[in-house]
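Colleague: I have the sequence and the coordinates open side by side. Could you walk me through them?

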Amino acid sequence: MKADNSHSNNNELAPLILAGPCSAESEEQVIQTARAIKQHTTATVFRAGVWKPRTNPGGFEGIGLIGLSWLLQAKKETGLKTAVEVATAEHVNNALQFDTDVLWIGARTTVNPFSVQEIADALKGTDKLVLVKNPINPDAKLWIGAIERLRKVGVENIGLIHRGFSSYVKGKYRNAPMWQIPIEMKRLYPEIPMIVDPSHICGNRFDLQDIAQKGLNLGYQGLMIESHIDPNAAWTDKEQQITPRELQLLLEGLIWKKHQADEQFSQQIDTLREQINLFDDELIQLLTNRLATAQQIGNLKKENNVAVLQSNRWNEILTSMIEKGTSVGLNDQFIQAFMEIIHLESIRLQSNMNQSGID
């Protein structure tokens with residue numbers, strides 16, 4: 001991820017921190033915010049939305065092309081690199097024309113393979129950093145597809161942004177983190193750096209540090225945080241923006257994780273991981289034996305014309321396992337979820353051999 005070539009004292013790549021307002025609103029607002037971010041924070045990339053996809057027509061949809069000239073002016077004055085969201089080939093061409101350093105594909109665009117392909121074709125041959133936000137809906141395949149489309153045209157300087165996922169059921173956050181999806185993406189693409197966007201996950205100013213820290217704990221390599229010179233006067237998403245001074249306090253409060261370890265640590269963790277591997281092998285064998293026994297029970301049910309699902313027995317097993325688990329300090333929700341997966345697989349195996357189905 002090459003947006004900033006600076007390195008920390010331990011020769012690790014410095015974290016990528018993108019900061020700036022949700023929207024570029026005026027030349028004065030852009031320049032003042034960039035100056036304050038340069039003066040008061042350790043951010044190295046100044047971000048601002050120039051084109052804003054809105055859910056409903058009539059809302060502010062961005063200042064447009066003139067905003068790129070403001071970003072370029074801010075870059076020349078402060079030395080900060082610049083970043084902007086692109087959703088069409090025309091956006092890409094315009095951003096490149098104004099020497100924008102980082103281009104990101106937004107969550108609403110990532111869901112559309114046609115749009116991603118159009119952007120990828122326009123980016124062909126560029127060495128600019130291209131960041132891909134997770135799709136707005138929880139579908140890792142769309143995220144993967146965007147990466148592969150960029151790679152197919154030769155774009156290699158790629159990073160991922162975890163900004164949370166839309167959910168019909170609204171909870172604490174504006175967009176549910178659903179950490180398991182970006183964790184899976186890190187497993188599939190360990191070579192691609194990932195940053196977290198606490199602003200869009202939280203939708204408020206109060207949980208930003210908590211979400212940022214969780215991302216860093218998972219090995220994320222940077223942050224994208226919305227910062228405005230006067231957040232309460234922001235034209236869009238004012239609830240989730242903070243001032244540059246507040247941003248620096250947040251950054252100073254974070255515990256930054258190392259991505260490289262010394263030899264002693266590596267030896268210790270390798271030993272523990274080998275133990276995990278052995279336990280996993282034992283788990284597989286135990287699960288194999290348990291499911292084989294469940295199949296034998298299924299044969300007996302079939303021979304005696306007994307329904308596959310025995311609710312009383314299932315309730316007994318679940319209650320017993322939760323009690324046993326909690327007695328040794330395991331989380332009861334974890335035990336229930338684990339046992340339900342095993343039970344569903346047992347039911348599936350028994351149903352396949354029992355034509356009477358589940359009553």
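Colleague: How many helices and strands does the chain have?

Modeller: This is a predicted model, and in it the chain has 13 helices and eight strands. The C-alpha trace spans about 80 × 50 × 40 Å along its principal axes, and 45% of the 359 residues count as buried.

Colleague: And what do the strands build?

Modeller: The eight strands form a closed barrel in the order β1-β2-β3-β4-β5-β6-β7-β8, with parallel pairing. On average, neighbouring strands of this sheet are turned by 25° against each other, if direction is ignored. Helix α2, residues 66–78, packs on the sheet, where it touches β2 (45–47) and β3 (81–86), and its direction makes about 160° with that of β3.

Colleague: Changing topic to helices: in α10, which residues are buried?

Modeller: In α10, which covers residues 244–252, the buried residues are Pro244, Leu247, Gln248, Leu250 and Leu251. They cover an arc of only 155° around the axis, which means that they lie on the same side of α10. On the other side of the helix, Arg245, Leu249 and Glu252 are exposed.

Colleague: Now the aromatics. How many aromatic pairs does a search of the whole structure find?

Modeller: The search finds two aromatic pairs. In one of them, the rings of Trp179 and Tyr220 have their centres 6.2 Å apart and their planes at 55°, so this pair is tilted. The pair links distant parts of the chain, 41 residues apart, with Trp179 in the loop between β6 (158–162) and α7 (180–188) and Tyr220 in the loop between α9 and β8.

Colleague: Are those two buried or exposed?

Modeller: Both Trp179 and Tyr220 are buried.

Colleague: And which residues form the stacked pair?

Modeller: Phe334 and Phe338 form the stacked pair, with 6.1 Å from centre to centre and 20° between the planes. Both lie in helix α13 (residues 332–353), four residues apart, which is about one turn of the helix. An α-helix has 3.6 residues a turn, so residues three or four places apart point the same way. Phe338 is partly exposed, because its relative accessible area is 34%, a value that falls between the 20% limit for buried and the 50% limit for exposed.

Colleague: Last one, on the whole chain: what does its accessible surface come to?

Modeller: The accessible surface comes to about 18,900 Å², of which 52% belongs to carbon and sulfur atoms. As for contacts in the chain with a separation of 6 or more, 72% are between residues 24 or more positions apart.

Notes
Residues numbered from 1 in each chain as written. Predicted model: local features only at pLDDT ≥ 70, side-chain atom pairs only at ≥ 80, totals over all residues. Heavy atoms only, no water. Buried < 20%, exposed > 50% of the residue type's maximum accessible area, 1.4 Å probe, protein only. Helix = DSSP H or I, 4+ residues; strand = E, 2+ residues; numbered from the N terminus. Arc of directions from axis to C-beta. Pairing = 2+ DSSP bridges. Axes fitted to C-alpha atoms, helices over the stretch in contact; angles between N-to-C directions. Contact = heavy atoms within 4.5 Å. Areas by Shrake-Rupley, 256 points an atom, 1.4 Å probe, with all protein chains shown as cover. Phe/Tyr/Trp six-rings, centres within 6.5 Å; stacked < 30°, edge-to-face > 60°.
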